[in-house]
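Here are my notes for anyone opening this one for the first time. Keep the viewer open as you go through the points.

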Amino acid sequence: MLFDNLIGQEVAKRTIRRAWDEGRLAGSYLFYGPDGVGKEAAAMDLARAVNCGAEDKPCRTCSSCRRISTYQHPDFHYLAPVPHSSSESERRKIAEEVAEQLKDKAAQPHRPLAFDRPTAITIDDIRDLKRGLSLHPYEGGRQAALVARADRMTEEASNAFLKMLEEPSPSSIFILVSDRPNILLPTIVSRCQKVRFDLLPAGAIEAHLLHNHNLPEVEARLMADLAGGSLGRALEMLEQGFWEERDLAWTLLESAAAGDYFGLMNGIGQAADQRGKPERLLSLVQEVVSDMLHLRHGRSIVNADRSDRLRTLELGFGNGGLDALAGRLERAKAGLKQNVTPRLCLITALAGRPGGSPEL
Ligand SMILES: [Zn+2]
């Protein structure tokens, strides 16, 4: 059944299943909501459904379904922000890199395409899509275009895309996916049927981690709590060596509390140069700090398996130290978003002392 591979999102599922059952799917959808909650997974499933030949669609096992899952179906067009270049050889290289990343994504669909250069969805991408859609569906299904992170369309691309939406064809369906729908051209938004996706309950993420990833119960619960309602984030944590990163976050805090700057710099050195790691580390540190504050006020904590260590750590920071630390962590996170050197952000956040620290 449509979306039975998707956790949570009952309202979104019901809305689209009803339209699907009654044979009145819209020509264009906007799936919006936070990152990592299943928007793109739902879009993929809808694309499979409109092209699947099985009785119970989507079967996810027929040749059509499998080729959509691996981004190789001629009637399925997957658009996402990628780097662009005016040089022909550079363009070929980018195309190869995209193909390579899509291969990985077929195995790990929650992973967004990621490049170390600026990316966008440009007018060239929209022209390519238009060319693809101008042909009749090769295989008698419905042409499906999934636009991931649709808010990353340039202005020119947005206008060209709007024209396509204004001339809908019954043989195609557009599914736009975005976590920042307010940035989309309002005229595009108004032409789409909007479907909201919400943060997932921690219990649903925990159950998924228990049953699909065989995590021990304590670990699944902790990770679900830290994931903040995003299964994508939980899966990312799982892949990125969550437990080592968590240990590193604790080591950093314990070094900071003890005034062990050598240990602190050593820890920061293990994280500063790896993409995404400084952000994740700061989030983990923030969780511990917020637990220390909760502990003080007798509230429930996330790091329940380490409550003794937490108590010792809290004493180390003393009165006032924790609030100042929480403030510095916030500023360091904002600094990372503004491309301040990760090493500097981590040092400023963790090595600072109340009243005497350099601030971002
Ligand atoms: Zn199928």
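**Notes on the model**

1. Start with the two domains: the C-alpha centres of domain 1 and domain 2 lie 38 Å apart. Domain 1 covers 10–196 and domain 2 covers 240–351, with bounds that come from an automatic or database domain assignment.

2. A word on what you're looking at. This is a predicted model, where local features need pLDDT of at least 70 and side-chain atom pairs count only at pLDDT 80 or more, while totals for chains, interfaces and linings use all residues. Residue numbers run from 1 along each chain as its sequence is written.

3. Now the overall picture. The protein chain has 16 helices and 5 strands (DSSP runs numbered from the N terminus: helices are H or I with at least four residues, strands are E with at least two). Its C-alpha trace spans about 70 × 45 × 35 Å along the principal axes.

4. The 5 strands form an open sheet in the order β2-β3-β4-β1-β5, with parallel pairing (two strands pair if DSSP finds at least two bridges between them). From one strand to the next, the twist averages 15° (axes are lines fitted to C-alpha atoms, and angles run from 0 to 180 degrees between N-to-C directions).

5. Zoom in on β2. It pairs with β3 (residues 143–147) in the parallel sense over 4 bridges, and L79 stands opposite V147 in β3. In a regular strand, side chains alternate between the two faces of the sheet. Here F76 and Y78 point one way from β2, H77 and L79 point the other way, and all are buried.

6. Helix α15 (residues 321–337) deserves a look too. Its 17 residues reach 25 Å from first C-alpha to last, close to the 24 Å expected at 1.5 Å a residue (the expected span is 1.5 Å times one less than the number of residues). L322, L325, R328, L329, A332 and G335 are buried in α15. Seen down the axis, these buried residues fall within an arc of 130°, so they line one face of the helix (the arc is that of the directions from the helix axis to the C-beta atoms). On the other side of α15, A334 and K337 are exposed.

7. What covers the buried residues of α15? The cover includes α13 (277–296), α14 (307–317) and α16 (342–351). After α15 comes N339, with a positive phi near 65°.

8. Last, find N303 in the loop between α13 and α14. N303 counts as buried because it has 23 C-beta neighbours inside 10 Å. Leaving aside neighbours within four places in sequence, N303 is in contact with E287, V288, D291 and L310 (contact means C-beta atoms, placed from the backbone, within 7 Å). N303 and E287 are 16 residues apart in sequence and 8.1 Å apart in space, C-alpha to C-alpha.

How values were computed. Buried ≥ 20, exposed ≤ 12 C-beta atoms within 10 Å, placed from the backbone. Contact = placed C-beta atoms within 7 Å.
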